[in-house]
Amino acid sequence: MSQFPNGFEAKYQQLLGDEAASFFATFDQPAQSGYRTNPLRPAVDAENSDPQVPWSQWGHYGKVQGNGIEHVSGYVYSQEPSAQFVATVLDPKPGERVLDLCAAPGGKTTHIASFMQGQGVVVTNEINRGRAKILASNVERFGITNALITNNDPESLAAAWPEAFDRILVDAPCSGEGMFRKDPEAMQYWNVDYPDECARRQKLILQSAQAMLRPGGTLVYSTCTFSPEEDEQIASWANANLPLNLVPIDKDFGIESGRPNWADDDDAVKMTARLWPQHLNGEGHFVAKFVKADDAAIHGKLADVGRLSATQRKDYEAFVKNDLTHGLSGQLMAIKDQLFVVPVGTPDWRKVHVVRAGVHVGTFKKNRFEPSHSLATALNPADFQLSIETTQEEYTQYRHGDLLHRDLPGKHYVLLTLNGMGYALGKLVNGSIKNVYPKGLRV
Ligand SMILES: C[S@@+](CC[C@H](N)C(=O)[O-])C[C@H]1O[C@@H](n2cnc3c(N)ncnc32)[C@H](O)[C@@H]1O
């Protein structure tokens, strides 16, 4: 049997009774790994023999290679199977404005964006600055073009954006018991009082989160812990004390209801969902879904984006005409010599700390426009006039910083691909493909 922190075993023995033995036995089994394929990318390999995660549209069991082209080019995202239930319950729709409040490293954000198909806005926030940067790089790698990435505490966001969102996900910081099997180091923070400590923070986060939800909007609260203090008891508290009403979650495939006897016999928590490792192939998770009373349109101002000068517009349009198959969708925004495209409907961000808005399109130089590496991840081969397939050897050489050659005329920014998957821009000039791979990314 695994080495648990003091008090953990006794607590779950008492809570689970007869079921405790099968629960503890799961800790001697390997953790379940999974990944999702990316519907924002073209289906380059429709045949996938890895078994499907039953509750997740794009989900499969299996491991992703960190340095493989599928991961580097954002065709897959590694995510534990139970975690894939959360955005499925949130059920975001194209065109909506969605907030992922506790978002790094970006597992749920990339899943949310998969449902939104590039339409609407996903505001993805992370309180921790270092983790917000990791979130930004994962958003970019996955080819998400309709995101506003922010780095704020929930209270400041609530002050800036009252009732501004159709859907909100609170994937709360928690005691992480459901991850003990996957990452035994997570146990070191645990003590018998830790769940109560986390619950106090979760209540504060939920208070701010509900203030940002429009009437009639949907809020999903999730944790990766087993502790009733952070699961059923938080759901019951929010249902009773915030303007949020629990709504039922469809449960199948061994997913169970929350347990009323762990929340003062509040029957409403039967509407919540628990994923237990002894009942399905996945780690421990808890999910509750709420709707805010009354229906109404989104409130709040929209971002005022910087307009392009006539010269900038001409240079950008020349680039689109020469190198892309169509203009970029969204609102173009110039900040000095930098060009961005931000999603239509982005809320006014003047009072929040933005890490990245939409996609960095490129830089205006004297009489020309230089596209950014971000376009290699934001766009797909069909969006470029020319995409050039490379060999595995050329892929390694180019990512190292070398020049490539092709017997092709003209001057174009091209997308370089491996197995049909884009990984970098190249600058084709009369047969030479000049290396424009960012120096910081070279390997
Ligand atoms: C469970 S993790 C999020 C995982 C992420 N949703 C995903 O799917 O990849 C919780 C996040 O909440 C952040 N966090 C910690 N304290 C917070 C607070 N007081 N308010 C908001 N977020 C907080 C953590 O930095 C962490 O990134």
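**Reading the sheets, a buried cysteine and the ligand shell**

Student: Which residue stands opposite I335 in strand 14?

Tutor: The residue of strand 14 that stands opposite I335 is Q338. The model is a predicted one, in which local features need pLDDT of at least 70 and side-chain atom pairs count only at pLDDT 80 or more, whereas totals for chains, interfaces and linings use all residues. Residues are numbered from 1 along each chain as its sequence is written.

Student: How many bridges join strand 13 to strand 14?

Tutor: As a general idea, strands of a sheet pair through backbone hydrogen bonds, either parallel or antiparallel. Two strands count as paired if DSSP finds at least two bridges between them, and the elements are DSSP runs numbered from the N terminus, helices being H or I with at least four residues and strands being E with at least two. Here five bridges join strand 13 to strand 14 (residues 338-342), and the two run antiparallel.

Student: What is the order of the strands in this open sheet, and which of them stand at the edges?

Tutor: The four strands are ordered 13-14-16-17 with antiparallel pairing. Strand 13 (331-335) and strand 17 (368-371) each have a single partner strand, so one side of each is left without a neighbour in the sheet. Neighbouring strands are turned by 30° against each other on average, direction ignored; axes are lines fitted to C-alpha atoms, for helices over the stretch in contact, and angles run from 0 to 180 degrees between N-to-C directions. Helix 10 (residues 310-323) packs on the sheet, touching strands 13, 14, 16 and 17, and its direction makes about 55° with that of strand 17. Contact means that the C-beta atoms of two residues, placed from the backbone, lie within 7 Å.

Student: Where does a positive phi occur in the hairpin of strand 16 and strand 17?

Tutor: Strand 16 and strand 17 pair in the antiparallel sense over four bridges, with K365 standing opposite R368 in strand 17. Two residues lie between the strands of this hairpin, and N367 takes the positive phi, near 65°.

Student: Is C224 buried or exposed?

Tutor: A residue is called buried if 20 or more other C-beta atoms, placed from the backbone, lie within 10 Å of its own, exposed if 12 or fewer do, and partly exposed in between. C224 has 25 other C-beta atoms within 10 Å and is therefore buried. This cysteine lies in the loop between strand 8 (213-223) and helix 9 (232-241), and, leaving aside neighbours within four places in sequence, its contacts include C174, M179, E283 and H285. UniProt, in an unreviewed entry, lists C224 for "active site"; such positions are given in the numbering used here, with shortened feature names, and annotations may be inferred rather than shown by experiment.

Student: Which of the 17 residues around the ligand come nearest?

Tutor: A residue belongs near a molecule if its C-beta atom, placed from the backbone, lies within 6 Å of it. Of the 17 residues around the ligand, C102, G107, K108, D171 and P173 come nearest. Helix 5 (107-116) and helix 8 (194-211) are the elements that give two or more residues to this shell. Its residues divide into eight nonpolar, three polar and six charged, where Ala, Val, Leu, Ile, Met, Phe, Trp, Tyr, Cys and Pro count as nonpolar, Asp, Glu, Lys and Arg as charged, and the others, Gly among them, as polar.
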